[in-house]
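Visitor: I have a structure to look at. Please show me how to read it.

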Amino acid sequence: MARKKKVTLRERYNRWLDAHRVVACLLVGLGMAAAAVGVFLFVTFSGFGSSAEFIYNQF
């Protein structure tokens with residue numbers, strides 16, 4: 001009696017990706033845009049554009 005091969009997480013991911021190419025592209029693009037906005041907001045409002053003395057005094 002042959003054992004049934006267990007489906008790995010990678011195989012499940014590949015099947016989902018093959019069936020949902022557009023959704024996967026949108027999710028990756030949305031994630032990249034969110035990361036870019038997050039980095040922009042951090043750099044803009046964190047005070048890291050200030051003098052080195054100000055930055056070192058925060059730590």
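Guide: Start just after helix α2, where Gly47 has a positive phi of about 85 degrees. Keep in mind that this model is predicted.

Visitor: How many Å should α2 span?

Guide: Count 1.5 Å a residue, over one less than the number of residues. With 25 residues, α2 should span 36 Å. Its end C-alpha atoms are 36 Å apart, so the two values agree.

Visitor: Is Phe45 buried or exposed?

Guide: Exposed means over 50% relative accessible area. Phe45 has 65%, so Phe45 is exposed. Phe45 lies in α2. Together with Val37, Phe40 and Leu41, Phe45 forms a nonpolar patch on the surface. The patch has about 450 Å² of accessible area.

Visitor: How many salt bridges does a search of the whole structure find?

Guide: Look for a side-chain nitrogen of Lys or Arg within 4 Å of a carboxyl oxygen of Asp or Glu. The search finds 2 salt bridges. One joins Glu11 and Lys5, at 3.4 Å from N to O. Glu11 is partly exposed, at 27%, and Lys5 is exposed, at 63%. Asp18 also forms a salt bridge, with Arg21, and their closest N and O atoms are 3.1 Å apart. Asp18 is exposed, at 53%, while Arg21 is partly exposed, at 49%.

How values were computed. Residues numbered from 1 in each chain as written. Predicted model: local features only at pLDDT ≥ 70, side-chain atom pairs only at ≥ 80, totals over all residues. Heavy atoms only, no water. Helix = DSSP H or I, 4+ residues; strand = E, 2+ residues; numbered from the N terminus. Patch = residues over 30% accessible without salt bridge, like charges linked within 9 Å, V, L, I, M, F, W, Y side chains within 5 Å. Areas by Shrake-Rupley, 256 points an atom, 1.4 Å probe, with all protein chains shown as cover. Buried < 20%, exposed > 50% of the residue type's maximum accessible area, 1.4 Å probe, protein only.
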